[in-house]
Amino acid sequence: MLKRRHILTIRLTGRRITLLLSELWFLLIAVLFIGFFFLEGYDFGVGMATRFVAKNDLERRVLINTIGPFWDANEVWLITAGGAMFAAFPNWYATLFSGFYVPLVVMLLLLIARGTAFEFRAKVAHPKWGETWDWAIFIPSLLVPFLWGVVFSSLVYGLPIDSKMNMHGVFSSFVNPYTVLGGLLITLLCLYHGLVYLCLRTTDDLRDRARTLAKRIFWILAAAAIAFVVVTFFVTDLFTRRGGWLYPIYLLDVAALILSVLFLGKKRDGWAFGMNAGVILLTVASLFIGLFPRVMVSNIKPAYDLTIYNSASGSYSLGVMTIVAVTLLPFVLGYSIWSYTVFKKRVSKKEHLEY
């Protein structure tokens, strides 16, 4: 039975509306992760593209400057998701972050190195200095989405969680063919997302190279996506539990991905970027929909699964968080929209020749 402590009743235009706060915050955390993968996803893709698209220091500088005004704000979505998880679902947070302590610490160090590289690479006019920091941008941009893919695939695949919500995992619990496939899928999706973003934000030969590479990556991404969905059908219970939702979601996913490359070929870059944004939204949403109401699956015993009910905070914490979120969210969204409006101009090599 559901607990009353998780229920909030409010009045809106004279009508009573009952909200199950644990479900509301599960939805909000899902939205935060969708926002993170959508926004930070193209950051990672651009970071990878510095080795695949750019041919010299000037071109790498142009690529980095396309995300210069946004990358640090995009990472706030991850921080907010972690904070929301800590406050709304402390048992989920404790099990996840303790069980994945090593990969999450590695991920944090990679993000620190990447952020430092953005700021330091142009501080000293020496080839070795710039080359070192360029690798500090590329490597984290490649590994962080891969690690996130491994982590989220593990949540779906199942982990050794006992009755006390403790995870007793070994290396093979996290790294196996299924989770590696999930990591590759997220990495390819971010690379493709970044290349489409560069088509939208750069000019001339840089844009042409990004477009050409994006068309090639599309086929690898499509193959990885199909393989992941097929394997998910056989090794997880997502389709058994939520097939009525997942079948149409994945059909829409396929349609959006195909439309993105078609629009890319017609040089309608804004539409291509929008379609791929839909792919990311649907892909991440399918994970949370497939898990609901679980947040972590136990492969020891289904009764040991962590759910939004047995891992949630009390009514007071959830109620205060809801009020704060509703109050501050419009300001955060307004600032984000304003920043993207101000820095919407394409970035060209010509503007950087005298930099």
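**View 1. S141 sits in helix α6.** In this predicted model, S141 belongs to helix α6, which covers residues 127-157. Helices here are DSSP runs (H or I, at least four residues), strands are runs of E with at least two residues, and both are numbered from the N terminus. S141 has 0% relative accessibility, so S141 counts as buried; buried means under 20% relative accessible area, exposed over 50%, and partly exposed in between, with a 1.4 Å probe and protein chains only. Look for the side chain of S141 reaching the backbone oxygen of I137 at 2.6 Å. Leaving aside residues up to four places away in sequence, S141 touches D43, F44, G47, M48 and R114, where contact means heavy atoms within 4.5 Å.

Residues are numbered from 1 along each chain as its sequence is written, and side-chain values use heavy atoms, with hydrogens and water left out. Because this is a predicted model, local features need pLDDT of at least 70 and side-chain atom pairs count only at pLDDT 80 or more, while totals for chains, interfaces and linings use all residues.

**View 2. Helix α2 is mostly covered.** Of the eleven residues in α2 (residues 57-67), eight are buried. These are E59, R60, R61, V62, L63, I64, T66 and I67. The elements covering them include α1 (21-52), α3 (71-88), α5 (101-120), α6, α8 and α9. At the start of α2, you can find a side-chain oxygen of N56 that reaches to within 3.2 Å of the backbone nitrogen of L58.

**View 3. Helices α8 and α9 pack together.** Helix α8 (residues 177-201) and helix α9 (residues 204-235) meet at an angle of about 155°, and their axes are 8 Å apart. That makes α8 roughly antiparallel to α9; angles over 145 degrees count as roughly antiparallel, under 35 as roughly parallel, 65 to 115 as roughly perpendicular and the rest as oblique. The axes are lines fitted to C-alpha atoms, for helices over the stretch in contact, and the angles run from 0 to 180 degrees between N-to-C directions. By class, the contact of α8 with α9 has 23 nonpolar, two polar and two charged residues. Ala, Val, Leu, Ile, Met, Phe, Trp, Tyr, Cys and Pro count as nonpolar, Asp, Glu, Lys and Arg as charged, and the others, Gly among them, as polar.

**View 4. Helix α9 also packs against α10.** The angle between α9 and helix α10 (residues 238-265) is about 170°, with the axes 11 Å apart. This makes α9 roughly antiparallel to α10. Among the residues making the contact are F218 and L221 of α9, and Y247 and Y250 of α10. The contact of α9 with α10 divides into 14 nonpolar, two polar and two charged residues.

**View 5. M167 lies in the loop between α6 and α7.** M167 is found in this loop, and at 12% relative accessibility M167 counts as buried. M167 and G99 are 68 residues apart along the chain, yet their C-alpha atoms are separated by 5.5 Å. Other residues that M167 touches include T95, F100, F174 and M296. M165 is in the loop between α6 and α7 (171-174) too, and has a positive phi of about 65° although it is not a glycine.

View 6. D204 lies in helix α9 and has a positive phi of about 55°, although D204 is not a glycine. D204 is exposed, with a relative accessible area of 52%. For the other detail, turn to F292 and P293, which are joined by a cis peptide bond with omega of about 0°. P293 is placed in the loop between α11 (269-291) and β3 (294-296).

Conventions: Polar contact = N/O pair within 3.5 Å; in protein donor to acceptor, adjacent residues only side chain to side chain.
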